[in-house]
There are 2 protein chains.
Amino acid sequence: MVRPQAASPSSREKILEVAEAHFARRGFSGVGLRELAQAAGLGKSSLFHHFAGKSQLYFEVLERVLARIQVRLAAALARPGAPLARLEGWVDALVDALAEHPASARLLLRGLVEDEDFPDEPLHEAQRAEQLLGEILQGIHALLREGIERGDFRRLSVPDTVQTLIGATVYHFASGELGESIMGGPLLSSEAVRRRKQELRQLLHQGLAAGAADPGLRRG
Amino acid sequence: MVRPQAASPSSREKILEVAEAHFARRGFSGVGLRELAQAAGLGKSSLFHHFAGKSQLYFEVLERVLARIQVRLAAALARPGAPLARLEGWVDALVDALAEHPASARLLLRGLVEDEDFPDEPLHEAQRAEQLLGEILQGIHALLREGIERGDFRRLSVPDTVQTLIGATVYHFASGELGESIMGGPLLSSEAVRRRKQELRQLLHQGLAAGAADPGLRRG
DNA sequence: GTCTATATCACGATAGAC
DNA sequence: GTCTATCGTGATATAGAC
């Protein structure tokens, strides 16, 4: 790998930066390389010097976002504590990661749900992105199972709960204009982010706890 | 207005039908009118006899989906009962609506998050779709507020809870391959749908209820 | 109402000068 | 590494025969 340079971003990094924003807003097929190059301050053909094609650029963007998030989530899971506390740390870390980089949530929601047929055969970048996603999912999956086995959580459906967690975080921060209309204000202000974390914490604390159905199994 | 004809679907209805599936899978910019016409069993130019253009067709599809859902949700809200019971009925109705028509959730998720710049000025179909969405949101908003005022729900943030409900339903059924990978099976089997409803019911029953111990305000 | 052209334009990608 | 010029294709949309 060539050394990172913090001072002035290379063209390559500039392209990745603007591509992230554009793909997040318009999706893969909605973005033209022409506008993308223009936004990066380059001619259209210069993109092909840095990336093999549109698909490769797209997956490299996706990989960057997933890597950024995976690091934070793994760190949150590695902290000591009971499953519920670690789950709340995991959610907080995910919310922070999504809120900090406004394009992330939309890009993820698109990338995960989208169903383009990419012309080229399995790109290396796509495989790496899928691997990162797998690590994220495996981590939260294991945590939920641990919480159930310890009796801290009720006997919830782990996959359903994972889906609910994704929806409550990724969808929320990807919801754009609709979300702001529902919330009656910005999604990304520090106050809105703080309130979101607090609301999720309460919902999960009450909603996942082992309750009347499993009396006596609660532990401190 | 010309009256609908139930017997054999008109070309117009056939187009709407296949357009719904295509737009759901590929998004607005990902769908070409050529493939769309072919899937409907028509020549490409025939589409323009029934619809003014691609944008109008898209919004008419969106409007149909929203109308279908809005009717069910309004009916669920109109049933008598306590707020929690009516909320559970609302969620069940939404899940049923999304599960019954597989393209709906994806189309909605795209339509709500997507941010295309549609060339034409405010289309009538787009305004109608927005109005239906507004009615849906207003209904669930009022229900949550009523539950809080009656003391059935804790003092939750109504907008945050609306967002969570959307994420837990629309995202889930829009999650496609990723969702099936997480769930370890189909999203739309009657068993999966039943379990999803049951899980959401438990989460909301415990998570929104008033009177539980306060989880404590951690700083952050 | 459906069709066969066709117009016009943007797309991704390439070639090659500098 | 960036540029201009261009290729080939497919996009939306239109014109007009039947």
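Which helices of chain A and chain B each supply at least two residues of the surface near DNA strand D? They are helix H3 (47-50) of chain A and helix H2 (33-39) of chain B, where a helix is a DSSP run (H or I) of at least four residues, numbered from the N terminus.

This is a predicted model, in which local features need pLDDT of at least 70, side-chain atom pairs count only at pLDDT 80 or more, and totals for chains, interfaces and linings use all residues. Residues are numbered from 1 along each chain as its sequence is written, chains are lettered from A and ligands numbered from 1 in the order in which they are written, and side-chain values use heavy atoms, without hydrogens and water.

Chain A averages a pLDDT (the predictor's confidence in each residue, from 0 to 100) of 92, and 91% of its residues score at least 70.

A residue is near the strand if one of its heavy atoms lies within 4 Å of it. Of the 16 residues around DNA strand D, those that come nearest include A:Ser11, A:Gly43 and B:Ser45. Sugar and phosphate account for 51% of the atoms of DNA strand D that come within 4 Å of the protein.

The table gives polar contacts, pairs of N or O atoms within 3.5 Å.

| Residue and atom | Atom of DNA strand D | Distance |
|---|---|---|
| A:Ser11, side-chain N or O | phosphate oxygen | 2.7 Å |
| A:Gly43, polar backbone atom | phosphate oxygen | 2.4 Å |
| A:Ser45, polar side-chain atom | base oxygen | 2.8 Å |

Methods
Polar contact = N/O pair within 3.5 Å; in protein donor to acceptor, adjacent residues only side chain to side chain.
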